[in-house]
Amino acid sequence: MTDTADQHEDRADAMFHALADRTRRDILRRVLAGEHSVSALAASYDMTFAAVQKHVAVLERAGLVTKRRSGREALASGDVEAVRSVGSMLTELETVWRGRIARIDDLIAPPPPTERNQ
Amino acid sequence: MPVTDVQHDPDNLTLTIVADFAAPVERIWEIYADARQLEKVWGPPTYPATFVDHDLRPGTRSTYFMTSPEGEKFAGFWDITEVDGPSSFSFDDGFADLDFNPNPEMPVGKNVFTFTEHDGGTRATYVASHTSAEDLQRVLDMGQVEGMTEALNQIDDLVA
């Protein structure tokens, strides 16, 4: 990575700003799973097409989403490479493993006492 | 959070995670020996795992698939190489087609899980390694949605 520390910080700011909104996280989740047209995304939310378009633009500026045009449609997909550039590959692997460990912890947790037992 | 130590070894493309669980070694071992429990922890809730074959004996192959929120299935296998219950086991994990034929195009990772008694609970050490950066990249590409979805859900939990 040849970025300066400042560029890195700017990108982190943009990324966290983009992820600080529930709808944008939801959009990112959908487009990471596969390309979606902005109009298809807009149909999933109780908001105007313009509002959804704006959310996609914020994600795009943060480098989390890329857009391409196909005819009259704007197609958005999650840019995993860009997401990855923020952390190392091992960090990404660590996330997967931390999830597994948290689930083991849930599994071995004693069941919460019920009122009947008390 | 039970994770007590994480080490990245970029030269050897190895991730080591140490976690302390508040349960005896035998209880933790049982999770790995029992397919029904293992599948509860292997895949994230958004990509639940289903183990089809799992016997945790050396020389056996365990098979599983994970199901995406859209219903798409991704299959994988574990080739169990060493077992010393309830203290440790080793396996190679790779990707397979939906008939569980290993995909030779895809990398195979090596894993060593060790469990020791620690303060009345269990200290688990997970070592996962890959042979090349390209291999690790491809594994992450396969699991990227899982990893990212997980990360996003964690943010959701954090701000909830």
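In what order do the elements of chain B run from the N terminus on? In this predicted model, the order is β-β-α-α-β-β-β-β-β-β-α, and chain B has three helices and eight strands in total. Of the 160 residues in chain B, 24% are buried. Among contacts in chain B between residues at least 6 apart in sequence, those that join residues at least 24 apart account for 36%.

Two helices of chain B were examined in relation to each other. Two packed helices are described by the angle between their axes and the distance between the axes. Helix α1 (residues 25–33) of chain B packs against α2(B) at an angle of about 90°, and the axes lie 5 Å apart. Because of this angle, α1(B) is roughly perpendicular to α2(B). The contact brings Glu30(B), Ile31(B) and Tyr32(B) of α1(B) to Gln37(B), Leu38(B) and Val41(B) of α2(B). By class, the residues of this contact comprise four nonpolar, one polar and one charged.

Within helix α2 (residues 35–42) of chain B, the residues Leu38(B), Val41(B) and Trp42(B) are buried. These residues lie on the same side of α2(B), because they cover an arc of only 100° around the axis. Leu38(B) and Val41(B) also take part in the contact with α1(B).

The mean pLDDT of chain A is 80, with 79% of its residues at 70 or more. Helix α4 (residues 49–61) of chain A has the highest confidence in the chain, at a mean of 94, whereas helix α5 (residues 80–86) of chain A has the lowest, at 57. Where pLDDT is low, the predicted coordinates should not be read in detail.

Notes: Residues are numbered from 1 along each chain as its sequence is written. Chains are lettered from A and ligands numbered from 1 in the order in which they are written. This is a predicted model: local features need pLDDT of at least 70, side-chain atom pairs count only at pLDDT 80 or more; totals for chains, interfaces and linings use all residues. pLDDT is the predictor's confidence in each residue, from 0 to 100. Helices (H or I, at least four residues) and strands (E, at least two) are DSSP runs, numbered from the N terminus. A residue is buried if 20 or more other C-beta atoms lie within 10 Å of its own, exposed if 12 or fewer, and partly exposed in between; C-beta atoms are placed from the backbone. The arc is that of the directions from the helix axis to the C-beta atoms. Axes are lines fitted to C-alpha atoms, for helices over the stretch in contact, and angles run from 0 to 180 degrees between N-to-C directions. Angles under 35 degrees count as roughly parallel, over 145 as roughly antiparallel, 65 to 115 as roughly perpendicular and the rest as oblique. Two residues are in contact if their C-beta atoms, placed from the backbone, lie within 7 Å. Ala, Val, Leu, Ile, Met, Phe, Trp, Tyr, Cys and Pro count as nonpolar, Asp, Glu, Lys and Arg as charged, and the others, Gly among them, as polar.
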